[in-house]
Amino acid sequence: MLTKDLAICIRAIDYSETSQIVTFFAKAAGKIDAIAKGSKRPKSPFDGPIEVLSYGNIVFVDSAGEKLATLTEFQQQPTIINLHGNLFVLYACLFAAELMSNLTHDYDPHPELFDSFLEFLHNANQQHQTNNEQRDILALLILFQLTLLNEIGIQPILSHCVNCKTRYEIRDTRYEYYFSSSANGLICRDCEPSFPDKIRLTKGASVCLSSLKQIPYSDEKTLKEIEKVLVHHLTELLGRMPKMAKHILEN
Ligand SMILES: [Zn+2]
C-alpha cells in the first residue's frame, strides 16, 4: 500500500554504492525505516542523496510485517539548516534527531511531536548572530527534550519532590533540590538520602526546572547545568550516552 506523509529524515546510512537505508519521522505514521533504492545515483527519484534533517513529502510502500518500508518518492523542501550558521546549532539539531530516532517506536504516531521537532529545527536555525546565540540554542534544546519526554509519556516530575510531593518554592532559600533519574524528577533535601543516583542542583537550575517558563531567560551557565542533567538522564534511559551529547556538553 502506498502511503503519503510529511517527514523529516532522522538517520541515513549507506546500504550499497547507490542505495541508502533511511529513518524518517513522519507526521502521520511516526518513525519508519525505509530503503531508498538508487538514492545515491546522479538522477535519483529523491532529489539527490538523502541527508539527516532534510524534510518534505514522502511516499512509501508499507513494510507489511517486514522491517523495511520502500521509499518511492521524496520531494525535499529547501533545507531548514542554516548552512552559514555555527556548528553548535548543527550539533544541537543532530542531537535532537538522534533522540527522536532512539526514543520513539516504529509506526507509533506523534503528530504534535513532529510539529515540535520541526519548530525546534526552524527556531534553532533562525537565531541571529549574537553573543548569546549558544544560550538561545541551549534554551530551545532543553525545552525540546522535555517536550519529547512528555510526548513519549515519561515526562520528569519537576513541580514538586517526586517522593514526598513537597512543592518547590522559589522564594524559600532553604530549599535545596536534586534531580534523580531513577525517581524521574526532582527530589527535596529531606528525601535525597534515599536516592543514591541524585545530582545536586544549583538554585538557578532548580528554579528553571520547576518553572520551565524561566528557561528562555536563564543564563548560559544555568542552562549548561540543566543540559548536563538531561544528558545524564537520557543516558540512563537509553543505557548509553547519546553519540552527539559530547558535542553539546563540550561547547
Ligand atoms: Zn521530598
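**Exercise 1. Determine which hairpins strand β2 takes part in, and which residues pair across them.**

Solution. Step 1: β2 and β3 form a hairpin, with three residues between the two strands. Here helices (H or I, at least four residues) and strands (E, at least two) are DSSP runs numbered from the N terminus, and two strands pair if DSSP finds at least two bridges between them. The model is a predicted one, in which local features need pLDDT of at least 70 and side-chain atom pairs count only at pLDDT 80 or more, while totals for chains, interfaces and linings use all residues. Residues are numbered from 1 along each chain as its sequence is written, and side-chain values use heavy atoms, with hydrogens and water left out.

Step 1: β2 (residues 20-26) and β3 (residues 30-36) run antiparallel and are joined by seven bridges. Gln 20 has Ala 36 as its bridge partner in β3, and Ala 26 is bridged to Gly 30 of β3.

Step 2: β2 also forms a hairpin with β1, with five residues between them. This antiparallel pairing extends over seven bridges; Ile 21 of β2 is the bridge partner of Ile 13.

**Exercise 2. State where β2 lies in its sheet and whether its residues are buried or exposed.**

Solution. Step 1: Five strands close into a barrel in the order β1-β2-β3-β5-β4, with mixed pairing. On average, neighbouring strands of this sheet are turned by 55° against each other, direction ignored; axes are lines fitted to C-alpha atoms, for helices over the stretch in contact, and angles run from 0 to 180 degrees between N-to-C directions.

Step 1: α1 packs on the sheet and touches β1 (2-14), β2 and β3, its direction making about 110° with that of β1. Contact means heavy atoms within 4.5 Å. Helix α2 (residues 111-125) lies across β1, β2 and β4 and runs at about 55° to β1.

Step 2: In a regular strand the side chains alternate between the two faces of the sheet. On one side of β2 are Gln 20, Val 22, Phe 24 and Ala 26, on the other Ile 21, Thr 23 and Phe 25, and all are buried. Buried means under 20% relative accessible area, exposed over 50%, and partly exposed in between (1.4 Å probe, protein chains only).

**Exercise 3. Characterise the packing of α1 against α3 and against α5.**

Solution. Step 1: The axes of α1 and helix α3 (residues 133-151) come within 10 Å and cross at roughly 5°. Therefore α1 is roughly parallel to α3 (angles under 35 degrees count as roughly parallel, over 145 as roughly antiparallel, 65 to 115 as roughly perpendicular and the rest as oblique). The α1 side of the contact includes Phe 88, Ala 92 and Phe 95, and the α3 side includes Ile 137, Leu 141 and Leu 148. The contact residues divide into 13 nonpolar, two polar and one charged. In this scheme Ala, Val, Leu, Ile, Met, Phe, Trp, Tyr, Cys and Pro count as nonpolar, Asp, Glu, Lys and Arg as charged, and the others, Gly among them, as polar.

Step 1: For α1 (residues 87-103) and helix α5 (residues 220-238), the axes come within 12 Å and cross at roughly 30°, so α1 and α5 are roughly parallel to each other. Phe 95, Leu 99, Asn 102 and Leu 103 of α1 meet Glu 227, Val 231, Leu 234 and Leu 238 of α5. These residues comprise six nonpolar, one polar and one charged.

**Exercise 4. Describe the sheet that contains β6.**

Solution. Step 1: Three strands form an open sheet in the order β7-β6-β8, with antiparallel pairing. β7 (185-188) and β8 (199-200) stand at the edges with a single partner strand each, so one side of each has no neighbour in the sheet.

Step 1: β6 (residues 177-180) pairs with β8 over two bridges, and Ile 199 of β8 is the bridge partner of Phe 179.
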